[in-house]
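I open these notes for a reader who has not seen this structure before. Each entry records what I looked up and what I found.

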2 protein chains.
Amino acid sequence: MQNPTSALPPGIAPRPEPPYYAVIFTSRRNSLDAAGYGEMADWMATLAARQPGYLGMESAREADGLGITVSYWQSLDDISAWRRHAEHALARGQGRADWYDAYALRISRVERAYGWARDDGPADPEAA
Amino acid sequence: MQNPTSALPPGIAPRPEPPYYAVIFTSRRNSLDAAGYGEMADWMATLAARQPGYLGMESAREADGLGITVSYWQSLDDISAWRRHAEHALARGQGRADWYDAYALRISRVERAYGWARDDGPADPEAA
């Protein structure tokens, strides 16, 4: 299911052999100029990358405030440990107080994964 | 695990009772002014929403070209059927030919889900 010829372009996380876990965090910012958000988001990304079991992260936000961040982890225990991290818990509280109108968080188990990059040619990587 | 008091803000998909499935599609556009992409993406979203087992979709793209679209489905069979849909297969081929530099696609099983909205107050919905 893996396609080892795919290069890893900026912003797309590695694809280790499944199973592993994805935390899908979809959020709506209340005001895109709220102070401190960007710095905190950058610091949380840095801190997450230092945690045991961290496999990667992908993130995109629309100009209208809707954003999706997916972080990948080896195990549910790794996700729980990161959730309990004191700085992360404080950041989440500040997010609810100051930065978000709403969010959804879904914890999922990655069962299959495919990748494609231009150098791979036009064929469908899922058809293999 | 569900929080029924959370309103459903624009762009955040419903949270039915798990388990269900998430298709995480992370892509890098090659050129953000390529003709036809927006129309095709809109049509695919419309068509996906008409398929059996469709539960919702979330999508965000950065100005630099990195985007994440997550679609939610009742079963793996529903995902396979949508994958085989003729118009969807054509659109994916055109994506590889014209619109993307690279993408990753991960199929995952949602095991837990939480939601929060401003009206819920400051408490952590995961702590319940």
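**Entry 1: strand β1 of chain A**

I looked up which way the residues of β1(A) point, and found Tyr20(A), Ala22(A), Ile24(A), Thr26(A) and Arg28(A) on one side and Tyr21(A), Val23(A), Phe25(A), Ser27(A) and Arg29(A) on the other, all of them buried. Buried here means under 20% relative accessible area, with exposed over 50% and partly exposed in between, using a 1.4 Å probe and protein chains only. I note that this is a predicted model, in which local features need pLDDT of at least 70 and side-chain atom pairs count only at pLDDT 80 or more, while totals for chains, interfaces and linings use all residues. Residues are numbered from 1 along each chain as its sequence is written, chains are lettered from A and ligands numbered from 1 in the order in which they are written, and side-chain values use heavy atoms, with hydrogens and water left out.

Strands (E, at least two residues) and helices (H or I, at least four) are DSSP runs numbered from the N terminus. I then checked the pairing of β1(A), where two strands pair if DSSP finds at least two bridges between them. β1(A) is antiparallel to β4(A), residues 100-117, over 10 bridges, and antiparallel to β3(A), residues 66-73, over 8 bridges. I followed Arg28(A) into both partners: Ala102(A) stands opposite in β4(A), and Leu66(A) is the bridge partner in β3(A).

**Entry 2: His88 of chain A**

I located His88(A) in helix α3(A), residues 86-99. His88(A) counts as buried because its relative accessibility is 14%. Beyond neighbours within four places in sequence, His88(A) is in contact (heavy atoms within 4.5 Å) with Met44(A), Trp82(A) and Arg83(A).

**Entry 3: where the two chains meet**

I looked up how chain B meets chain A, and found 58 residues of chain B in contact with 58 residues of chain A. The buried area, meaning the accessible area (1.4 Å probe) that two parts lose on being put together, summed over both, is about 4700 Å², and carbon and sulfur atoms give 52% of it. Arg96(B), Arg106(B) and Trp116(B) supply 16% of the area that chain B buries against chain A, more than any other three residues.

I also recorded 12 salt bridges across this interface, each a side-chain nitrogen of Lys or Arg within 4 Å of a carboxyl oxygen of Asp or Glu. One of them joins Arg106(A) and Glu58(B) at 3.0 Å, N to O. Lastly, I saw that β4(A) and β4(B) run antiparallel and are joined by 15 bridges, with Arg112(A) opposite Ile107(B).
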